[in-house]
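Work through the following exercises on side-chain pairs and helix packing with the model open beside you. Each task is followed by a solution that goes step by step.

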Amino acid sequence: MVVGAGAAGLATTAALVSAGQPVTLLERADRVGAAWAGRYDSLHLHTVRWLSGLPGLPIPRAFGRWVARDDLVRYLEAYGDHEGVEPELNVTVTRVDRADVDGGRWVVRTDAGDRSAERVVLTTGYSHTPRRPAWPGVETFPGDLRHSADYREPSAYSGQHALVVGAGNSATEIALDLLAVGATVSLSVRTPPNIVRREAFGVPSQVFGIALKHTPAAVMDPLTALMRRVSVPDLRDVGLPANRDPYSQFRRTGTVPILDTGIVDALRSGRVKVVAATESVDGPRVCLADGSSLEPDAVIAAIGYTTGLEPVVGHLGVLDERGVPVVHGAAEHPTAPGLHFVGIKAELSGLLREIGIEARAVGRTLAAR
């Protein structure tokens, strides 16, 4: 049984069917690729088109070098049709339990009743559940305050002062969206991010991520720091000093680098102003870590997501302290044989590419058994 009909679920199901395995694919939404379809309108892949296709069907060249959100959703729908994948829609999985003491089968509990399976593959995504803002006093803010998961497009923010909280790709891309409609934009940052060009010297940064995937942190930290110095201007004077251990930070937090699509120029020109971390809210005032405060018209909290796996499999001992599986692809945790995870980790080599690799590995492994 496969849970989740996004890119990982579609690719895994296709790989298992190709290997001759009977598969049931469950999806909580009413369509495939729903997680992608629900993101903001201007979203594009940061991985290059020719390294982002799923096994068996390349992404069409007509979709361009950096694939737009709507084109990616169309591709996922076409992929499901091409591979003959027919998910059961509007079925939410709430928990996975062992069916017996020997761990030979699993019970998948859903809002439509319990299901039994010999093997379960969870493909529900690394960015599944929004991490909602919990600053003291957040409920007192009188203006528009929302998580980036609830942001779609910027027209309502024209002429307003918008505070974007976060230092990831969503935060910087939403900040650029808001600039385009004449908003005044502040960017609240706690930990200065690692920033890299989406491509350098004509080569997508993903290519470097693939080539250096197995390089140890002792080598990667100085190497990635050097790449930033060469390709990205010094941003200390605008409040974003470079990290000394960018790769180690990525491994600790799972936060991928910011792929620059214009934020560096916006910061250097002063069109986006970096402010200190958000600590609390007091009515219209947003209080910052340096003791200062702002009174923005709107706050967009681009503060990330969790995997959402704790209620489902947290009791099985298969997650780390961040709620991320400790095994991936064909690998199985010794205490949970028959339970697999595909596409639920952050990689510099590209999520969709890694999904294809993990899905094929699951197909091969289960076929061999």
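The exercises below treat salt bridges, aromatic rings and the packing of helices in turn.

The model is predicted, so local features need pLDDT of at least 70 and side-chain atom pairs count only at pLDDT 80 or more, while totals for chains, interfaces and linings use all residues. Residues are numbered from 1 along each chain as its sequence is written, and side-chain values use heavy atoms, with hydrogens and water left out.

**Exercise 1. Salt bridges**

Task: Determine how many salt bridges the structure holds, and describe the one between arginine 74 and aspartate 71.

Solution. Start from the criterion, which asks for a side-chain nitrogen of Lys or Arg within 4 Å of a carboxyl oxygen of Asp or Glu. Under this criterion the structure holds 22 salt bridges. For arginine 74 and aspartate 71, the closest N and O atoms are 2.4 Å apart. Helices (H or I, at least four residues) and strands (E, at least two) are here DSSP runs, numbered from the N terminus. Finally, compare accessibility, where buried means under 20% relative accessible area, exposed over 50%, and partly exposed in between (1.4 Å probe, protein chains only). Arginine 74 has 46% relative accessibility and therefore counts as partly exposed, whereas aspartate 71, at 16%, counts as buried.

**Exercise 2. Salt bridges between separate elements**

Task: Locate the partners of the salt bridge between glutamate 88 and arginine 115, then do likewise for glutamate 279 and arginine 190.

Solution. The side chains of glutamate 88 and arginine 115 meet at 2.8 Å, N to O. Glutamate 88 lies in the loop between α3 and β3 (93-98), and arginine 115 lies in strand β5 (residues 113-117), so this pair ties together parts that are 27 residues apart in sequence. Glutamate 88 is partly exposed, with a relative accessible area of 32%, and arginine 115 is also partly exposed, with 21%.

In the second salt bridge, glutamate 279 and arginine 190 meet at 3.2 Å, N to O. This pair links distant parts of the chain, 89 residues apart, with glutamate 279 in strand β16 (residues 278-282) and arginine 190 in the loop between β10 (184-188) and β11 (195-197). Glutamate 279 is partly exposed at 34% relative accessibility, while arginine 190, at 57%, counts as exposed.

**Exercise 3. Aromatic rings**

Task: Find how many aromatic pairs the structure holds, and classify the pair of tyrosine 40 and tyrosine 151.

Solution. Rings of Phe, Tyr and Trp (its six-membered ring) pair if their centres lie within 6.5 Å, and planes under 30 degrees apart count as stacked, over 60 as edge-to-face and the rest as tilted. The structure holds four aromatic pairs. The rings of tyrosine 40 and tyrosine 151 have centres 6.3 Å apart and planes at 55°, so this pair is tilted. Tyrosine 40 is in the loop between α2 (34-37) and α3, and tyrosine 151 is in the loop between β8 (144-147) and β9 (161-165), so the pair ties together parts that are 111 residues apart in sequence. Tyrosine 40 is buried at 4% relative accessible area, and tyrosine 151 is buried at 0%. To finish, Tyr40, Tyr151 and Tyr157 form one aromatic cluster.

**Exercise 4. Helix α7 and its neighbour**

Task: Describe how helix α6 (residues 217-231) and α7 pack, and state which residues of the two helices meet.

Solution. The axes, lines fitted to C-alpha atoms over the stretch in contact, with angles from 0 to 180 degrees between N-to-C directions, lie 6 Å apart at an angle of about 120°. That makes α6 oblique to α7, because angles under 35 degrees count as roughly parallel, over 145 as roughly antiparallel, 65 to 115 as roughly perpendicular and the rest as oblique. With contact taken as heavy atoms within 4.5 Å, Ala217, Met220, Asp221, Thr224 and Ala225 in α6 meet Pro246, Tyr247 and Ser248 in α7. The buried residues of α7 pack against α6; among them are Gln249 and Phe250. After α7 comes glycine 254, whose phi is positive, near 75°.
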